[in-house]
Amino acid sequence: MEIGNTTTVTAFVLLGLSNNPRVQVVLFVLFLVIYLLILMENLLMLLVIRADSHLHTPMYFFLSHLSFLDAFYSSVIVPKLLENLLSKWKTISLPECFTQISLVIFSGATEACLLAVMAYDRFQAVCHPLLYVVAMDRKVCAGLVGASWVIGMGTGLVNTLLLAQQHFCGPSLIHSFVCELPPVLLLACSDSYISIASILTTMVILGIGTLALLLGSYTRIIRTALRINSAEGRSKIFSTCSSHALVVTIFYGSGVVRYMTPASGSVLEQVLTMQYSVVTPLLNPLIYSLKNQDVKAAVRRLLARKPRLT
């Protein structure tokens, strides 16, 4: 759209992962399978946790929210990716792009808070087992989860509203398969200082803040584990910590690098985006839940139930 001598962009073009039609078909099949696996794994976790009373504990309460968020997070990104892989015109309107940016930031911020909350829960369980029931009662758990969702919503809304104040006059090519804040800011014709300052402040306060809580919790857990005389007990704690550390490293490492460095449209940036938006939701159920003996036992009990006649 042209107003006077100024051209206003009304849509962006997502360049995606490849321009080769054959490669696009292979990628479509690959990401469709991954997306279905993500939905299946996370919905299975929600079903098992809800159906089995043995899993009605703070730890699995947090895991249920994480599973729902992972399914939602991937649904924000992968369906549009699949559509573009089969579409000749890979356009996305400004409102749709801003909505996707808001939901991506919201999902990432909420997940960062939930991971920190889960680390705090394990800290209380390992370091203060006698006070655990009191420290992590229903009100505390609901408050921590509610605060995580509210912080995520606020973070996504504020950063997207600031971005919407920018003027876009071309070019309209986004070197990515998803609308994200860094590459879209590159296309702004107006001064984007406020938006850049906002996202950097978000990353410093929220990203580093939750990471500090994570590292502090796991440091205390490891110190407590080293004082345990039982080799089996130490092994169980270290196994859990190492699994969680893998998810945290993938999520935080890729997310922080992606949002705290200038966008350039490189292949590395797309790999980083893929890690925290597709790989993490796929791995979370496997690492946090499906490897867990309690969850395996709950799945067996669920499958062993006989249908009741009404």
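Reply: Residues 25–48 are 100% helix and 0% strand, and the end C-alpha atoms of the span lie 34 Å apart. Helices (H or I, at least four residues) and strands (E, at least two) are DSSP runs, numbered from the N terminus. This is a predicted model, where local features need pLDDT of at least 70, side-chain atom pairs count only at pLDDT 80 or more, and totals for chains, interfaces and linings use all residues. Residues are numbered from 1 along each chain as its sequence is written, and side-chain values use heavy atoms, with hydrogens and water left out.

The span belongs to an annotated set. The unreviewed UniProt entry carries "transmembrane region" over residues 25–48, 60–78, 98–120, 140–164, 193–216, 237–260 and 272–290. UniProt positions are given in the numbering used here, feature names are shortened, and annotations may be inferred rather than shown by experiment. Residues 140–164 are likewise 100% helix and 0% strand, with end C-alpha atoms 36 Å apart.

Next, confidence. pLDDT is the predictor's confidence in each residue, from 0 to 100. The protein has a mean of 83, and 90% of its residues reach 70 or more. Helix 5 (residues 138–164) scores highest, at 93, while strand 1 (residues 2–3) is lowest, at a mean of 44. Residues 1–5 stay under 50, and the model gives them six contacts (heavy atoms within 4.5 Å) beyond four places in sequence.

Now the rings. Phe, Tyr and Trp (its six-membered ring) pair if their centres lie within 6.5 Å; planes under 30 degrees apart count as stacked, over 60 as edge-to-face and the rest as tilted. The whole structure holds seven aromatic pairs. One of them joins Phe-106 and Trp-149: tilted, 5.7 Å centre to centre, 40 degrees between the planes. Phe-106 sits in helix 3 (residues 94–127) and Trp-149 in helix 5, so the pair ties together parts 43 residues apart in sequence. Both Phe-106 and Trp-149 are buried (under 20% relative accessible area; exposed is over 50%, partly exposed in between; 1.4 Å probe, protein chains only).

Tyr-120 and Phe-123 are three residues apart in helix 3, about one helical turn. Tyr-120 is partly exposed at 28%. Phe-123 is buried at 11%.

Ala-225 is in helix 7 (residues 193–226) and has 0% relative accessibility. Its C-alpha is 8.1 Å from that of Val-126, 99 residues apart in sequence. Beyond four places in sequence, Ala-225 contacts Arg-234, Ile-237 and Phe-238. Gln-270 is in helix 9 (residues 267–290) and is buried at 13%. Gln-270 touches Gly-16, Leu-17, His-175, Ser-176 and Phe-177, leaving out residues up to four places away.
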